[in-house]
Every structure is written in C-alpha cells, then in structure tokens.
Amino acid sequence: MIEIKNLKKHFNGREALKGISLSIKDGEFYGLLGPNGAGKTTTISILSSILNADSGTVSIENFNLNAQSKDIKKIIGVVPQEIALYNELSALDNLLFWGGMYNISNKNLLNRANELLRLFGLEDRKNDKVKSYSGGMKRRVNIAAALLHNPKVLFMDEPTVGIDPQSRNLIFEIVEKLNKEGMTIVYTTHYMEEAEKLCDRIGIIDNGQIIAEGTLDDLKMNSLLKETISITFSNLNDVLTKELSSFWNDLKQIGNIIHFYSSDVKTDLSKLVLKCNQLGLEISNIEILKTNLETIFLNLTGKQLRD
Amino acid sequence: MIKLAIKDLRLFFKDRRSMLLTFAIPIALITLFAFAFGGVGKNDSDTKISLLVSDLDHTDISRNAIQELESLKSLQIKPMSLEKAEKAIKNGDESCVLVIKKGFSDSLTLGGTLPLELKYDEAKGIEVGLLQQSLIPTIAMLPFNLGNSKTMMGNRLSKMAGVSNPKAKQDIRNQSDHLFDAISIGMSENNSPEKKGPATFFFGGDIKMTKLVKSTNNNQLGLLQAVAGTAVMMLLFSVVGIGMGLLDEKQEGTLKRLLYSPMNPINILFGKMLSANIISILQLLVMFVFASLVFGLDIGAHLPGMLITIVATAFACSAFGVLLASFAKNRQQVQGLSTLIILVMSAIGGSMIPLFFMPVFMQKLAVISVNYWSIQGFYDIFWRNLAVTSPTFISRIVVLLLIGGILNLFAILMFKKNILKLT
C-alpha cells in the first residue's frame, strides 16, 4: 500500500508538486499519466527516496519515507527514464553489479540474473557488451536491473521511451505478469495507449496536481465528453460553413475538417450526412473519434499529452 | 567564406573553455616560467642564496671573514655547526656549507692556501655555481681586508714562484709591494667584484669543493627528476580522468540508479576514491618499475620508502581528482579547470623544471603544490638516501597525507552539495 498525502515540492521558486495525494493498493497497476514537466518524475524521485519533499507524507508498505527510507529502498525497484547501465559491461555483469547493491548472495544473484535475462529474451547475448545492444534490448536490461531483488513495489518512469514495438510488447507482457504475481507497479507515461492497456487505475497529473483519478471507465464517465464525428469536405466554403453552424450548435472547424460533437453518434451521423447532401457538400472522409485518455486529457487540461 | 569565419569566431569567443585553453592557460604558464627562469642570476633580496658557514677555526680573523661574507648582498649567511649544517644539506633543507677549517687564520697571515671547503648537494649544483661566483672574489679579497696584505702577497708570490733563495725572495717582495700598491689604487677606484681579478689571481680564492650528496651509478639526478616529476604530473592528469567518472555516472544516470539502492550515498564517493587510489598506486608503481628496468633506477634498495611515497602521493593526487569532479558541474568544466591547475602545480612544484633552477621565492611557493612534496619525498629516498624514519622524510609523507585528507574532506562536502543535488 502506498499512501501519499499533500506532497509538495519547489524547484527554484517553481512549484513542481502542488500537494499531491494518492492511495495505491497492494498489487495494483497504477498509471501516472501526464505531459513532460507535469511532475511525474519528481513524484517518482520522492517516492524512491532520492529527493526530499518540501512537505507532505509518504508511506510505502507501512514504512514512513522520512524515517525509514533505507527500509523502503530495500522493497522497491526503480526503472529510471534513462538507460542507466554501464555500456562497457555485459548485460550479465551489469545485472550482477546492480544486484550486488542489495546484498544478495553471489549464487542467488547469479541465478536471478540468468532468470531475468531469460525472461527478457537476452540469454543468448548476455555476455555481450551493452553498448552493442539495440535501444530495445538496453531498455529490457534497464528494467531487469530493477527486478534483481524481487521488489514488492516497482516504480517505472517512462520505461518504453524510444523503443521498438517488439520490445515494447515483450515489456508489457512481463510487467503484466509481474503484476499478476502480486507486484505493485506505479507506471508513469505520456503514452495513453500504454496507460489504457496496462493500468488498473490512472492518475492524470498536470502542473504538479492530480486533476483526475480512477479507472479508464471512471474517467470517461466523469469527463462527460461527447464523441466526435469528424467529416472532411472537399468543397467547403464560408457560406456552407455558416449553414452548418446554424444546423449544428456544437462543432469545431479545423481547415476543411469539421468536428461535430455528439451524444448519440448513430442518430446524429445520418442527420448530418443528409444535411450535407442537401447543402451540396462533397464528403471525402468520415471518422468517429471515440472518447479516450487523449481526449479526456485534452478536455481536462487543454493540452495534448505529448506537449 | 567570411560568414563561416565570423560564425566560427563567434562560437570561439562564446566558448569559455576554448578561451581558457587559448589565452588564460598560456598566460598563466608564461608568467610562471618567467618568474622561474627570469629570477635566475638576479641579485635582489628575493633571490639571495642561503650559505651555511661553519667556523672550525674560531679566531678573530675567521669571525671577521664571516662578517666580510655577510656584507655580500647576494648571500644570506647562516652560521651553523658543521654537524647540523651537513644534516640540513643531506635532508635537502640547505644547498651547501662553507667550512672555515682550523688553521685558516694562520694560512691567511702566512699567505698559504686558505683551508676553505664548500660542501654541497649535487642536486643544487646550479645554485651552488651562482654562489661560487659571488663567493670567490670575496674570499680572494680576504687577505687584503683582514691581514697584513703586503707580506701575505709577497709570501704567496714567492711560494708560487717556488723561490727559496732569501735574496730572490726579497726581490719578489719588493716587486710585489709595488704591485700591491697598484692593485690597491685600482681597487679604491673600482670597488666592484669584477675588478677584483688581480686579487683573485694572487690569492686564488680557492675553495675545495666536496659533494656531500651525489649521484650514484644507478640513481642519477636527471633520471630521478625525470621519473618523479613526470610520474606525479601524469598521475594528476590520470586521477582527474578517474574523478570525471563520477560526472559520467551522473550524466548517464547510473549515479541516480545507485542512489535508488539501500547503500549509503557517501559510499559512492568512497568507492570512487578507493578505485582512484588503487589505479594511482598501480600507475606510479609501473612508472618506477619501468624506470628501473629500462634506465636502471635502483628501486630495490629503496623499496619501503618508495612504496610509502607512492601510497602517500596516490592518496593526495586521488583526492585532488575526486575533489575536482565533486566541485565541477560537468566534464568540460573539469577539463578546463584541471588543465590549468595541474600545469600550474607541476610548473611551480618541480615537475616541469627542477626546483633548483628556480629563484628562492619560487622554491618557497612550491610548497603549495602536491608535486613538490611528492618529488621531494622521492628525492629523500633515492637521492639523499634518507631512512624512512627520518623526520624530514616523515614530514613530507605527513604533508601529502594531510593534503589528501583535507581534499577528501572537501570532496565529501562538495559531493553532498553538488553531485547528490544535481541527480
């Protein structure tokens, strides 16, 4: 169980965290979703005890972060955003080194390192220097290095940045497996597909604040967002746009595309197509945009996730 | 083409590191070398040469002779017992001692060769050579200034001519009286050392030169200077590279990952210090073994002292490298700063130019560099043959360890302040 209450952090007068409160249950896969600079890495840095908060309290597995940081460090694993490995060492040597930081006996460490290398599909190249690996392979070793001591809680800070689809899918499989085996995972990302696919619950963070939290369905429901009928026209002009605006109140024009917001797509779509025909508008494309994290985030913050 | 050149110039003048390497470092080195070499041969008070004087004659004339020497502006006379003086030279604290032997007074009166001996450290040959230049004319003038000069000159000329016949002796004496008067007139007109040539000719100004500390077959001064001086300078460059590993760890994120582990953060720095020390010791060992195998430096007879000096030097130099890395914010900053500091320390500490080439004030300044204490430690062992229990040698080692300790302490503080915060 991770309990965060009113966590605040300033950097040079700028408020990086403005009083974050979260509660993450044991065995939960929790996604922290937000754009760059939202406060995700600051939160992970505080939770992993390498950065002191200005105020607020954190407890992980009933250990208080301020008083028992060493105990917390023993039960958490952290996958940093950057590939933090020694390029001149092999994958096996890297794992043996990083595992050595946790006082694991040599024999157990060697077994565990080999087990993880097998799990991440790197056994064949375990003795090659990491610098000869592809980006995806390095990412896999980067994650394996955080799992050597079998942590109860795993913090993953954007672990799939710049990765190939094959490695990404493998990583998803492994983290899902680890979560099913009982590991609590806190996963920060700005890829909404990852959060949607992996996370039980999602916290949306922006400007150092949690602005929404819950399951994907909760978020959709609470957002009260309408779906979007996006129609591309080949002969749109000002007169015809005016005609459409008087017919449909809730719309937005982006060049020759018009987004019509709808609470009932099935009914509204036929109405719209009929009206367009009456006005002599030539439709070149129709797209239905479903409500997802991207649209929810856009609606909540006015920003794209990748901003 | 012009636009490209203007762009390059703009980039160059905006790059502090390039500016430092292009202008600041050469200016700093020119200044240092100008001080180091420009001072040689000057006779101002800053470049006074220290001369120990041991008076074994204990007569009024010998005491007056010392007073005559004290009047020389280029010398700083320090009366001292012969035993203490020899010890000071062997320890490398002083360059030479002028021994006024028993019978000096009689020789001066009778016109015999003056029983004077200059015992010196061969390593300070240049300083002693300069000292001789000042000393010989004054010694030559002692008979004029202290004794019955006419009689002495006559006696001397007779001895030089090998004349024993009383009549011939008297003839020589008469001629020498005329000559003495002429010299005296000349001297009163031109009382400068350069005009004392005739006196030097007649009274010789001879001093027996004895090397108190000298080269052996295997431990030549030049070889030792080359090995010790270069080894320490190159070690400083190496340890900066090792220290920079700390910044690489920060940049590549491995430092952050180490901080995620339950290990005490300060152990990261201690680990870096330990590896820097081990590599430094190995580097120095390899250099001395190489000098032994290729150039015949006798390390076998000096093994304990050499090892102690190597360990102390490695400790001090490693601390310097780690401190720089803890102090700087990035690799570029360390490179610029370290190049300047190492070159300056090596120049004033005796790695580039042997200290005895430098004026006295530069030699005094040398104590602020790690190079000085380390090179002197190696000199103590290989050149002066001091025992490892010698207070002089121990003092050098203690200073090196203190330097290392203090730099390490600062490195710890800077590591906590800079590195850990910047992760």
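User: In which loop of chain A is the place of A:E61?

Analyst: This is a predicted model. In it, A:E61 has a phi near 50°, a positive value in a residue other than glycine. Most residues other than glycine have a negative phi. The place of A:E61 is the loop between β4 (55–60) and β5 (63–64) of chain A.

User: Is A:E158 buried or exposed?

Analyst: A:E158 also has a positive phi, of about 45°, although it is not a glycine. Its place is in the loop between β7 (153–157) and α6 (165–180) of chain A. Buried means under 20% relative accessible area. The relative accessible area of A:E158 is 4%, so A:E158 is buried.

User: Why is helix α5 of chain A described as largely enclosed by the rest of the structure?

Analyst: Helix α5 of chain A covers residues 135–144. Its buried residues include A:G136, A:K138, A:R140 and A:I143. The helix is largely enclosed because the buried residues number nine of the ten.

User: Which helix of chain B do the buried residues of α5(A) pack against?

Analyst: Within chain A, the buried residues of α5(A) pack against β6, α3, α4 (106–119), β7 and α6. A:M137 and A:V141 are among these buried residues. From chain B, the element they pack against is α11 (254–260).

User: How many residues of chain A are in contact with chain B?

Analyst: On the side of chain B, twelve residues take part in the contact. By class, the side of chain A has 14 nonpolar, four polar and four charged residues. The number of chain A residues in contact with chain B is 22.

User: Which residues of chain A lose the most area to chain B?

Analyst: The area buried between the two chains is about 1,600 Å². Carbon and sulfur atoms give 61% of that area. On the side of chain A, three residues together account for 33% of what that side buries, and they are A:I50, A:K73 and A:M101.

User: Which side chains meet in a salt bridge between chain A and chain B?

Analyst: Across this interface the rule finds one salt bridge, along with four residue pairs in polar contact. The salt bridge has an N to O distance of 3.9 Å, and the cut-off for a salt bridge is 4 Å. The side chains that meet in it are those of B:K256 and A:E82.

User: Which element supplies the largest share of the side of chain A that touches chain B?

Analyst: The elements of chain A that each supply at least two residues of this side are α1 (40–47), α2 (69–75), β6 (76–79) and α3 (91–100). The largest share is three residues, and it comes from α2(A).

User: What separates the C-alpha atoms of B:V232 and B:S351?

Analyst: B:V232 lies in helix α10 of chain B and is buried, with a relative accessible area of 0%. The residues it touches include B:C317, B:S351 and B:F378. B:V232 and B:S351 are 119 residues apart along the chain, and their C-alpha atoms are separated by 7.2 Å.

Conventions: Residues numbered from 1 in each chain as written. Chains lettered and ligands numbered in written order. Predicted model: local features only at pLDDT ≥ 70, side-chain atom pairs only at ≥ 80, totals over all residues. Heavy atoms only, no water. Contact = heavy atoms within 4.5 Å. Buried area = accessible area lost by both parts, 1.4 Å probe. Polar contact = N/O pair within 3.5 Å; in protein donor to acceptor, adjacent residues only side chain to side chain. Helix = DSSP H or I, 4+ residues; strand = E, 2+ residues; numbered from the N terminus. Nonpolar A, V, L, I, M, F, W, Y, C, P; charged D, E, K, R; others polar. Buried < 20%, exposed > 50% of the residue type's maximum accessible area, 1.4 Å probe, protein only. Lists of a residue's contacts leave out its neighbours within four places in sequence.
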